[in-house]
Amino acid sequence: MTHQLPVLPYPKPTAQVAPYVEALGFDMAITFLLQFGGAELYIAKDPKSRGQLEALVGADRAKALGAIDHRLQRRVPLAKPWLAVCFATRGMGTAEIARMLRTSDTSVRKWLKTC
């Protein structure tokens with residue numbers, strides 16, 4: 001008989017990440033932050049199927065982001081500490097997380113230690 005590891009919940013989103021998680025869900029918010037984090041992004045209230053945002057998240061989620069545009073920062077957060085904890089929750093190792101986030105293993109260890 002094999003034992004399955006319990007599925008761990010993702011960590012509570014930070015205040016700057018929470019609106020993205022609400023509109024996109026955890027997994028898509030993670031993908032979104034990896035794709036657009038650190039850059040300014042115009043989010044249309046009524047997307048027209050032409051932008052990178054809608055190509056990544058789909059029309060419904062793009063509209064959901066547009067509806068909460070007033071709660072979003074002008075620049076998409078990098079959210080590296082939060083992402084590091086999410087990836088650790090998925091079972092990724094420190095070196096793998098560091099490569100994914102383009103940061104040092106020292107930073108990842110520090111972020112994981114503080115949570």
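**Ground rules**

I'm working from a predicted model, where local features need pLDDT of at least 70, side-chain atom pairs count only at pLDDT 80 or more, and totals for chains, interfaces and linings use all residues. Residues are numbered from 1 along each chain as its sequence is written, and side-chain values use heavy atoms, with hydrogens and water left out.

**Entry 1: overall layout**

Read from the N terminus, the order is α-α-α-α-α-α-α. I then boxed the C-alpha atoms along the principal axes and got roughly 50 × 35 × 25 Å.

Next I looked up burial: 35% of the 115 residues count as buried. Buried here means under 20% relative accessible area, exposed means over 50%, and partly exposed is in between, with a 1.4 Å probe and protein chains only. The accessible surface comes to about 7500 Å², by the Shrake-Rupley method with a 1.4 Å probe. Carbon and sulfur atoms hold 53% of that surface.

I also checked contacts, meaning heavy atoms within 4.5 Å. Of those with a separation of 6 or more, 59% join residues 24 or more positions apart.

For charge, I noted 16 positive and 9 negative side chains (Lys and Arg positive, Asp and Glu negative; His and the chain ends not counted). The centres of the two sets lie 6 Å apart, with each charge placed at NZ of Lys, CZ of Arg, CG of Asp or CD of Glu.

**Entry 2: the core**

Which residues touch the most other members of the largest nonpolar core? They are Leu24, Phe32, Leu33, Leu53, Leu65 and Trp82, in a core of 31 residues. A nonpolar core is a set of buried Ala, Val, Leu, Ile, Met, Phe, Trp, Tyr and Cys residues joined through side-chain atoms within 4.5 Å. At least two core residues come from each of α1 (18-24), α2 (26-36), α3 (52-57), α4 (59-67), α5 (80-89), α6 (94-101) and α7 (105-113). The largest share, six residues, is from α2. Background for myself: in soluble globular proteins, nonpolar side chains tend to be buried together.

I followed Leu24 a bit further. Skipping residues up to four places away in sequence, Leu24 touches Ala29, Phe32, Val57, Arg61 and Leu65.

Gly58 sits in the loop between α3 and α4. Gly58 counts as partly exposed because its relative accessibility is 26%. From Gly58 to Arg90, 32 residues apart along the chain, the C-alpha separation is 24 Å.

In α4 itself, Ala62, Leu65 and Gly66 are buried. Down the axis of α4, these buried residues fall within an arc of 100°, so they line one face of the helix; the arc is that of the directions from the helix axis to the C-beta atoms. They pack against α1, α2 and α3. On the other side of α4, I found Asp60 and Ala67 exposed.

**Entry 3: the loop between α4 and α5**

I picked two residues in this loop. Arg74 lies there and counts as exposed because its relative accessibility is 66%. What does Arg74 contact, leaving aside neighbours within four places in sequence? I found Ala39, Glu40 and Leu41. Arg74 and Ala39 are 35 residues apart in sequence, with their C-alpha atoms 8.5 Å apart in space.

Ala79 is in the loop between α4 and α5 too. Its relative accessible area is 8%, so Ala79 is buried. I flagged Ala79 for its positive phi, near 55°, in a residue other than glycine. Reminder: most residues other than glycine have a negative phi.

**Entry 4: α6 and what follows**

In α6 I found Ile97, Ala98 and Leu101 buried. Viewed down the axis of α6, they fall within an arc of 100°, so they line one face of the helix. The buried residues of α6 pack against α2, α5 and α7.

Just after α6 comes Arg102, in the loop between α6 and α7. Arg102 has a positive phi of about 55° although it is not a glycine. Is Arg102 buried or exposed? Arg102 counts as exposed because its relative accessibility is 74%.

Technical notes. Helices (H or I, at least four residues) and strands (E, at least two) are DSSP runs, numbered from the N terminus.
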